[in-house]
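I set down here what I looked up in this structure, entry by entry.

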Amino acid sequence: MATNLQGRKTRKTKMKKGKVVILTVLVCILIGALVYLMNDSLNFGVSNEIDCIAVVNQVANNEIIRPQKVKTTDVSSLPSKMGNYEVVGQLVIDKIGVKRNILAICDDPALDLSIAKLYGPEVNEPGNFCVCGHRETMFKTLDTLKKGDTLYMINKKTKTKVNYEVYKVYECSPYDLSCLEQNEDGKREVTIITCTPSGAKRVVCKARAT
């Protein structure tokens with residue numbers, strides 16, 4: 001009889017010890033999980049803070065590409081062609097009274113009709129869209145534009161209208177082609193080129209989408 005009681009006590013003791021071990025393991029797991037979550041939360045907070053600081057610095061340095069407004073517009077008034085040249089869009093500079101259709105090909109006969117695409121992507125697409133025209137007939141007062149002046153272009157095919165803000169106007173040699181360089185940052189730009197009154201130099205107006 002004493003032997004049976006002793007055996008039962010031993011089994012109960014083992015069961016108690018087993019429960020204690022299990023509870024201890026569960027508590028350890030719970031504590032570990034809480035510590036992990038707290039560290040993860042702290043790291044997330046620090047990471048967010050660092051990200052915010054980086055964003056502020058990028059904005060200050062104009063490194064962030066801000067959303068550029070692209071609107072659709074009515075293009076029914078734009079002709080499909082001028083002479084034998086396809087019309088791909090229109091350039092409007094209200095300040096100097098310019099409203100010209102943009103022709104797809106740039107050569108002498110085209111420039112006698114209107115302004116023409118010289119180089120770059122399609123109208124209003126990311127990149128540096130370069131357009132040129134004669135001074136006396138198309139861009140007589142282009143060099144009077146100042147930083148902050150505005151213009152817009154219309155793409156006939158996509159019916160998009162994008163506003164641009166002038167950021168630079170200057171003269172250069174006709175052999176200086178740096179104004180045609182393409183950006184790779186996804187921004188929309190337009191470069192307008194004409195000649196000086198003497199024809200010895202080129203007037204370049206550069207604007208960026210707003």
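**Entry 1. Strand 8 and its partners.** I began with T72, whose bridge partner in strand 8 is T160. The two residues belong to a pairing of strand 1 (residues 71–72) with strand 8 (residues 160–172), antiparallel and made over two bridges. I take strands as DSSP runs of E with at least two residues, numbered from the N terminus, and I call two strands paired if DSSP finds at least two bridges between them.

I then looked up strand 7 (residues 150–155), which pairs with strand 8 in the antiparallel sense over six bridges. Within strand 8, V162 is the bridge partner of M153. The hairpin of strand 7 and strand 8 has four residues between the strands, and K159 there takes a positive phi near 60°.

Strand 10 (residues 202–209) is also antiparallel to strand 8, over eight bridges. In this pairing I found V166 opposite A207 of strand 10.

**Entry 2. Basis of the model.** I note that this is a predicted model, in which local features need pLDDT of at least 70 and side-chain atom pairs count only at pLDDT 80 or more, while totals for chains, interfaces and linings use all residues. Residues are numbered from 1 along each chain as its sequence is written, and side-chain values use heavy atoms, with hydrogens and water left out.

**Entry 3. Confidence.** The pLDDT, the predictor's confidence in each residue from 0 to 100, averages 82 for the protein chain, and 68% of the residues score at least 70. Over residues 44–56 the pLDDT is below 50, and I find one contact (heavy atoms within 4.5 Å) for this stretch beyond near neighbours in sequence. Residues 58–66 also have pLDDT below 50, with nine contacts in the model beyond near neighbours in sequence. Where pLDDT is low, the predicted coordinates should not be read in detail.

Entry 4. Is E189 buried or exposed? E189, in strand 9 (residues 188–195), counts as buried because its relative accessibility is 9%. The cut-offs are under 20% relative accessible area for buried and over 50% for exposed, with partly exposed in between (1.4 Å probe, protein chains only). The side chains of E189 and Y167 are joined by a polar contact of 3.4 Å. By polar contact I mean a pair of N or O atoms within 3.5 Å; within protein, one must be able to donate a hydrogen and the other to accept it, and residues adjacent in sequence count only if both atoms are side-chain atoms. Not counting residues up to four places away in sequence, E189 touches several residues, including G127, N128, Y164 and R208.

T191 also lies in strand 9, and T191 is buried, with a relative accessible area of 0%. Its side chain makes a polar contact of 2.7 Å with that of K206. Beyond residues up to four places away in sequence, the residues that T191 touches include F129, C179, V204 and C205.

**Entry 5. L118.** L118 lies in strand 5 (residues 115–119) and counts as partly exposed because its relative accessibility is 39%. Its C-alpha atom is separated by 8.1 Å from that of F129, eleven residues apart along the chain. Among the residues it touches, not counting those up to four places away in sequence, are C106, C132, L180 and I193.

**Entry 6. Nonpolar cores.** I looked for nonpolar cores, sets of buried Ala, Val, Leu, Ile, Met, Phe, Trp, Tyr and Cys residues joined through side-chain atoms within 4.5 Å. The largest has 25 residues, and L91, I102, L151 and I192 are among those with the most contacts inside it. Elements giving two or more residues to this core include strand 3 (85–93), strand 4 (98–103) and strand 6 (127–132). Strand 10 gives the most, with four residues. Another core, of 13 residues, lies apart from it and includes L103, A110, L111 and C132.

**Entry 7. Cysteines.** How many disulfides does a search of the whole structure find? The search finds zero disulfides, a disulfide being a pair of cysteine sulfur atoms within 2.5 Å. C132 counts as buried, at 11% relative accessibility. For C172 the closest cysteine sulfur is in C179, at 5.4 Å, again too far for a bond. C172 is buried as well, at 7% relative accessibility.
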